[in-house]
Amino acid sequence: MGGNIFGNLFRVTTFGESHGNALGGIIDGCPSGIKLDFEQIQYELNRRRPGQSSIVTQRNEPDQVNFLSGIMDNITTGTPIGFIIYNKDHQSNDYNHIKNIYRPSHSDFTYEKKYGIRDYRGGGRASARETICRVVAGSIAKQLIKDIKIISYVSSVGNISVNKSYQDLDLSKKMIEHTPIRCPDPNIAKKMISMIHQIKKKGDTIGGTITCVIKNVPVGFGEPVFQKLHSELAKAMLSINAVKGFEYGSGFLGTELTGSQHNDLFDNINGKTKTNLSGGIQGGISNGMDIYFRIALKPVATIMKKQKTIDKYGNFVFMEGKGRHDPCVLPRAIPIVESMIALVLVDYWMYKKLSKYSEI
């Protein structure tokens with residue numbers, strides 16, 4: 001299986017399965033001399049961990065990361081950083097009933113046809129539990145680009161939406177983390193949580209959107225041809241389980257405007273613009289304005305309702321989900337989204353240091 005490496009200069013390779021002994025990774029390319037805040041890394045893992053509220057899966061994992069190499073006295077040495085997270089609460093028997101059955105809208109069918117074998121226990125490598133490794137790497141990346149502020153919040157669940165621009169919301173950590181849904185609008189958050197509880201009682205799931213805002217990105221992040229900043233952000237977002245769509249800046253609404261309405265006119269000689277329909281990126285390169293985008297996440301495919309499907313022998317059968325699953329992945333996806341953003345930006349932070357000659 002290929003495709004387990006993300007990044008160019010700052011690279012992370014991940015390994016492990018949802019119900020295996022452990023998950024982990026190797027970070028290659030991290031500069032030496034970075035003093036790491038391990039409490040901050042664990043904080044990010046805790047934001048992602050299961051069992052943190054009644055609207056997510058009740059799998060109880062401590063998600064403690066153990067670093068194996070590349071760090072001495074809390075400082076990076078410049079050598080590969082190895083890390084591992086052990087699985088503690090995997091109940092593989094919950095999946096025995098689907099050993100020979102393909103769950104609708106899951107990777108079961110495609111994995112088995114591609115590789116001739118699949119790990120049916122929690123989805124194996126296809127499980128969203130794989131993303132825990134991204135959060136470790138992304139938490140370290142955040143500490144390299146600490147002047148850049150990355151903010152994500154749940155902006156809709158089903159048909160319940162925050163009908164305000166991000167500029168009109170309090171995006172402080174305190175406000176976003178105030179409720180388990182991680183929505184900064186308290187009234188909308190209550191409605192979202194109520195909907196998720198109702199959906200969960202019915203044995204069903206629900207999707208929604210996450211809005212992301214990135215502040216203080218210097219001018220010059222991104223390459224103008226095949227490694228445009230927005231294309232790399234899109235790739236990072238679409239690599240996350242359940243993500244079905246990505247739009248930045250004006251997105252699809254921009255198609256309803258004329259060029260004269262859509263152009264961001266300069267406000268001063270420093271390049272700031274009066275509007276920001278470009279979403280902080282022009283020609284694939286950051287322009288110093290806020291970068292903002294929105295991603296769509298589908299409902300979780302595993303539901304506690306009986307559905308018709310097929311087995312590996314070509315028979316139609318009925319099945320229903322068992323065990324512990326998220327009725328809505330949105331709140332736990334927030335730290336994953338922010339980590340993938342950080343991994344994209346840290347690569348460009350390193351590229352920018354190489355892109356212009358200056359005398360030492």
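**Exercise 1. Identify the residues through which helix 1 and helix 3 meet in this predicted model, and describe their packing.**

Solution. Step 1: list the contact. On the helix 1 side, the residues are Gln40, Ile41, Glu44, Leu45, Arg47 and Arg48; they meet Thr131, Ile132, Val135, Val136, Ser139, Ile140, Lys142 and Gln143 of helix 3.

Step 1: sort the residues by class. The contact of helix 1 with helix 3 comprises six nonpolar, four polar and four charged residues.

Step 2: describe the geometry. Two packed helices are described by the angle between their axes and by the distance between those axes. Helix 1 spans residues 38-48 and helix 3 spans residues 131-144; they pack at about 145°, with axes 9 Å apart. The crossing of helix 1 and helix 3 is right-handed.

**Exercise 2. Determine which residues of helix 1 are buried, and which residue caps its N-terminal end.**

Solution. Step 1: apply the cut-off for burial, under 20% relative accessible area. The buried residues of helix 1 are Ile41, Gln42, Glu44, Leu45, Arg47 and Arg48.

Step 1: compare with the contact list. Ile41, Glu44, Leu45, Arg47 and Arg48 are buried and also belong to the contact with helix 3.

Step 2: examine the N-terminal end. The cap of helix 1 is Asp37, with a side-chain oxygen 3.1 Å from the backbone nitrogen of Glu39.

**Exercise 3. Give the strand order of the five-stranded sheet and describe the pairing of strand 2 with strand 3.**

Solution. Strand 1 (5-6) and strand 4 (65-67) are the edge strands, each pairing on one side only.

Step 1: inspect the pair. Strand 2 (residues 11-16) and strand 3 (residues 22-28) run antiparallel and are joined by six bridges. Thr14 has Gly25 in strand 3 as its bridge partner.

**Exercise 4. Explain why Thr309 counts as buried, and describe its surroundings.**

Solution. Step 1: locate the residue. Thr309 lies in strand 16 (residues 307-311).

Step 1: Thr309 counts as buried because its relative accessibility is 8%, and the cut-off is under 20%.

Step 2: list the neighbours. Leaving aside residues up to four places away in sequence, Thr309 touches Ile101, Tyr102, Arg103, Pro104, Asn315, Phe316, Val317 and Met319. A polar atom of the Thr309 side chain lies 2.4 Å from the backbone oxygen of Tyr102.

Step 3: Three strands form an open, antiparallel sheet in the order 8-16-17. Its edge strands are strand 8 (101-102) and strand 17 (316-319). Two bridges join strand 8 to strand 16, and Tyr102 has Ile310 as its bridge partner in strand 16.

Note on methods: Residues numbered from 1 in each chain as written. Predicted model: local features only at pLDDT ≥ 70, side-chain atom pairs only at ≥ 80, totals over all residues. Heavy atoms only, no water. Axes fitted to C-alpha atoms, helices over the stretch in contact; angles between N-to-C directions. Helix = DSSP H or I, 4+ residues; strand = E, 2+ residues; numbered from the N terminus. Left-handed = near helix turned anticlockwise from the far one by under 90°. Contact = heavy atoms within 4.5 Å. Nonpolar A, V, L, I, M, F, W, Y, C, P; charged D, E, K, R; others polar. Pairing = 2+ DSSP bridges. Buried < 20%, exposed > 50% of the residue type's maximum accessible area, 1.4 Å probe, protein only. Polar contact = N/O pair within 3.5 Å; in protein donor to acceptor, adjacent residues only side chain to side chain.
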